[in-house]
Amino acid sequence: MIATRPLLEIRGLETRYGSIVALKGVDLDVGNGEIVTMIGSNGAGKSTLMMTIFGTPRAHAGTIWFDGLDITHKPTHEIARMRIAQSPEGRRVFARMTVFENLQIGASVADPVHFDADLDRVTRMFPRLKERIDQRAGTLSGGEQQMLAIGRALMSRPRLLMLDEPSLGLAPLIVQQIFEVIKDVNRTDGLTVFLVEQNAYHALKLANRAFVLVNGRITLSGPGRELLSNPEVRSAYLEGGR
């Protein structure tokens with residue numbers, strides 16, 4: 001079998017905030033059709049990695065390739081047009097706009113001919129969004145806002161979906177629903193997913209492959225379920241192996 005180039009390929013990535021080095025030579029690949037997760041504690045650099053891929057902040061050193069193209073220094077709007085979508089940490093919905101208007105914004109980089117079908121698909125995944133379609137996003141619950149942030153990303157018809165802490169602060173039933181949607185779009189559509197997550201148990205169960213980020217460096221990598229049983233990972237991220 002001929003090896004194929006990863007959809008996302010990162011080599012030697014370094015990101016700085018002034019004199020603070022947040023990412024210290026990160027290397028990782030995300031293969032086409034995979035779910036890849038990165039776990040780590042608060043402050044490890046997970047969100048910085050996501051934002052650097054999207055061009056804000058800029059990489060200080062290293063290279064980011066998407067589908068064989070160097071996107072390290074491309075503007076964020078050009079990266080979005082390459083069908084990379086991000087659901088950022090903290091949801092960041094447009095609070096004064098309606099659910100429908102938020103989804104329209106997500107679809108702005110996609111062919112408008114698909115809008116109605118994509119809107120129907122997203123609201124079937126997240127029925128609460130259909131119920132709240134004319135409601136201002138800022139009045140939604142935290143779980144509903146997270147559904148909207150993911151739905152908005154999916155409306156762009158991405159080839160790569162990047163999710164930053166989708167379970168953060170949510171009730172267990174909502175977390176389960178969101179992870180089921182992630183699994184479904186990957187299985188049904190072959191959508192490539194790069195997931196950054198503190199909820200190591202759910203993330204590692206879901207992932208084909210996983211990385212552990214500690215103080216800006218990758219310290220472990222391997223199949224998700226292999227890391228799930230790793231004593232070091234269980235001790236650090238699964239509450240002593242619970």
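Arg128 and Glu131 both belong to helix H5 (residues 127-131), where three residues, about one turn of the helix, separate them. Helices (H or I, at least four residues) and strands (E, at least two) are DSSP runs, numbered from the N terminus. The model is predicted, so that local features need pLDDT of at least 70 and side-chain atom pairs count only at pLDDT 80 or more, whereas totals for chains, interfaces and linings use all residues. Residues are numbered from 1 along each chain as its sequence is written, and side-chain values use heavy atoms, with hydrogens and water left out.

The side chains of Arg128 and Glu131 form a salt bridge with an N to O distance of 3.7 Å; the term denotes a side-chain nitrogen of Lys or Arg within 4 Å of a carboxyl oxygen of Asp or Glu. Arg128 is partly exposed, at a relative accessible area of 35%, and Glu131 is exposed, at 54%. Burial is defined by relative accessible area (buried under 20%, exposed over 50%, partly exposed in between; 1.4 Å probe, protein chains only). Through salt bridges that share partners, Arg128, Glu131, Arg132 and Glu144 are joined into one network.

In total, the structure holds 16 salt bridges. One of them pairs the side chains of Arg209 and Glu34 at 2.7 Å, N to O. This pair links distant parts of the chain, 175 residues apart: Arg209 is in strand E9 (residues 209-214), and Glu34 is in the loop between strand E2 (20-30) and strand E3 (35-39). Arg209 is partly exposed, with a relative accessible area of 24%, while Glu34 is buried, with a value of 15%.

A further salt bridge joins the side chains of Glu165 and Lys46, at 3.6 Å from N to O. Here too the partners come from distant parts of the chain, 119 residues apart, with Glu165 in the loop between strand E7 (160-164) and helix H7 (172-189) and Lys46 in helix H1. Glu165 is buried, with a relative accessible area of 3%, and Lys46 is buried, with a relative accessible area of 5%.

Helix H1 (residues 46-53) is largely enclosed by the rest of the structure, because seven of its eight residues are buried. These are Lys46, Ser47, Thr48, Leu49, Met50, Thr52 and Ile53. Gly55, which follows H1, has a positive phi, near 95 degrees.

The packing of helices H3 and H6 was examined next. The axes of H3 (residues 99-106) and H6 (residues 142-154) come within 7 Å and cross at roughly 35 degrees; axes are lines fitted to C-alpha atoms, for helices over the stretch in contact, and angles run from 0 to 180 degrees between N-to-C directions. The crossing is right-handed, that is, the near helix is turned clockwise from the far one by less than a right angle. Val99, Asn102, Leu103 and Gly106 of H3 meet Leu148, Gly151 and Arg152 of H6, where contact means heavy atoms within 4.5 Å. By class, this contact comprises three nonpolar, three polar and one charged residues.

Asn102, in helix H3, is buried, with a relative accessible area of 0%. Neighbours within four places in sequence aside, Asn102 contacts Val93, Phe94, Met97, Ala137, Leu148 and Arg152. Gly142, in helix H6, is partly exposed, with a relative accessible area of 29%. Residues up to four places away in sequence not counted, Gly142 touches Arg91 and Leu170.

Ile133 lies in the loop between H5 and H6 and is buried, with a relative accessible area of 19%. Its C-alpha atom is 4.9 Å from that of Val99, although the two residues are 34 residues apart along the chain. Contacts of Ile133, leaving aside neighbours within four places in sequence, are with Thr98, Val99, Phe100, Leu103, Leu119 and Thr123.

The largest nonpolar core has 46 residues, of which Leu103, Phe126, Leu148, Leu154, Ile182 and Leu204 touch the most other members. Such a core is a set of buried Ala, Val, Leu, Ile, Met, Phe, Trp, Tyr and Cys residues joined through side-chain atoms within 4.5 Å. Phe126 touches Met147, Ile150, Gly151, Gln177, Ile178 and Val181, residues up to four places away in sequence not being counted.

How values were computed: Nonpolar A, V, L, I, M, F, W, Y, C, P; charged D, E, K, R; others polar.
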